[in-house]
Amino acid sequence: MNKILAITGSLRTTSSNTTILKYLQKIAPSDVAFEIYDELGALPHFNPDIDNEKSPEVVTRFRAKLKEANGVIICTPEYAFGVPGVLKNGLDWIVSSGEFTDKPTATISASPLATGGDKAHASLLVTIKVMGAKVVENGSVTVPIVLKKFDAAGNMIDEKTAKEFEVLMNSLISAF
């Protein structure tokens with residue numbers, strides 16, 4: 001069975017980014033295992049001195065999940081025009097270990113602002129491309145005014161965004 005590992009850049013329980021990933025999990029085909037990674041906040045601050053054969057267990061698990069995944073989706077908010085520190089920290093743990101090399105990857109940024117988190121999205125793309133990720137064609141979406149895209153129960157209510165997510169998901173799966 002093919003696997004998608006989805007990473008949210010927000011630790012907030014009611015994060016719009018996590019809501020997006022839960023929506024994508026619902027629309028994923030039944031022959032694709034879709035896991036939302038839930039240990040981003042447990043990763044220690046990146047430190048090359050502890051990045052060795054005795055790396056923290058949570059780092060080893062993160063790397064294993066990335067290695068096992070056929071594709072990755074990263075969905076991030078924008079904090080102060082950039083990627084949240086917790087997401088950047090998680091990515092820093094992967095820079096030299098190679099799990100993103102040629103990995104089909106899709107990216108999403110979402111914001112309550114009309115810009116859709118475009119600056120964080122651009123920063124995320126630079127970071128993962130340096131790491132060798134294969135960002136799939138039609139696999140990058142910014143979601144402006146995200147709070148109007150879902151209802152209070154987390155159901156998608158915006159047809160245009162739903163279509164963009166369908167295209168993103170199909171593009172990622174086609175790249176496996």
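A polar contact is a pair of N or O atoms within 3.5 Å; within protein, one of the two must be able to donate a hydrogen and the other to accept it, and residues adjacent in sequence count only if both atoms are side-chain atoms. The structure is a predicted model, in which local features need pLDDT of at least 70 and side-chain atom pairs count only at pLDDT 80 or more, while totals for chains, interfaces and linings use all residues. Residues are numbered from 1 along each chain as its sequence is written, and side-chain values use heavy atoms, with hydrogens and water left out.

| Side chains joined | Polar contact |
|---|---|
| Aspartate 51 and serine 55 | 3.3 Å |
| Aspartate 51 and arginine 63 | 2.9 Å |
| Threonine 8 and threonine 18 | 3.3 Å |

**Aspartate 51 and helix α2**

Helices (H or I, at least four residues) and strands (E, at least two) are DSSP runs, numbered from the N terminus. Aspartate 51 is found in the loop between β2 and α2 (57-68). Contact means heavy atoms within 4.5 Å; leaving out residues up to four places away in sequence, aspartate 51 touches Phe46, Arg63, Trp93 and Ser96. Aspartate 51 and leucine 168 are 117 residues apart in sequence, and their C-alpha atoms are 33 Å apart in space.

The expected span of a helix is 1.5 Å times one less than its number of residues. The twelve residues of α2 should therefore span 16 Å, which agrees with the 16 Å between its end C-alpha atoms. A residue is called buried under 20% relative accessible area, exposed over 50%, and partly exposed in between (1.4 Å probe, protein chains only). In α2 the buried residues are Val58, Val59, Phe62, Arg63 and Leu66. They lie on the same side of α2, because they cover an arc of only 135 degrees around the axis, the arc being that of the directions from the helix axis to the C-beta atoms. The face turned away from this buried side carries the exposed residues Glu57 and Lys67. Among the elements that cover the buried residues of α2 are β1, β3 and α3 (85-92).

**Strand β1**

Five of the seven residues of β1 are buried, so this strand is largely enclosed by the rest of the structure. Two strands pair if DSSP finds at least two bridges between them; β1 and β2 run parallel and are joined by five bridges. Isoleucine 4 stands opposite phenylalanine 34 in β2. Threonine 8 is found in β1 and counts as buried, at 8% relative accessibility. Beyond four places in sequence, the residues that threonine 8 touches are Ser15, Asn17, Thr18, Leu21, Leu40 and Cys75.

**The nonpolar cores**

In soluble globular proteins, nonpolar side chains tend to be buried together. A nonpolar core is a set of buried Ala, Val, Leu, Ile, Met, Phe, Trp, Tyr and Cys residues joined through side-chain atoms within 4.5 Å. The largest one here has 26 residues, of which Ile20, Leu24, Phe34, Ile73, Ile108, Val143 and Phe165 touch the most other members. At least two residues of this core come from each of β1 (2-8), α1 (16-27), β2 (32-36), β3 (71-76), β4 (104-110), β5 (134-143) and α5 (159-174). The largest share, five residues, is supplied by α5. Apart from this core lies another, of 23 residues, including Ile74, Ala120, Ile128 and Ala133.
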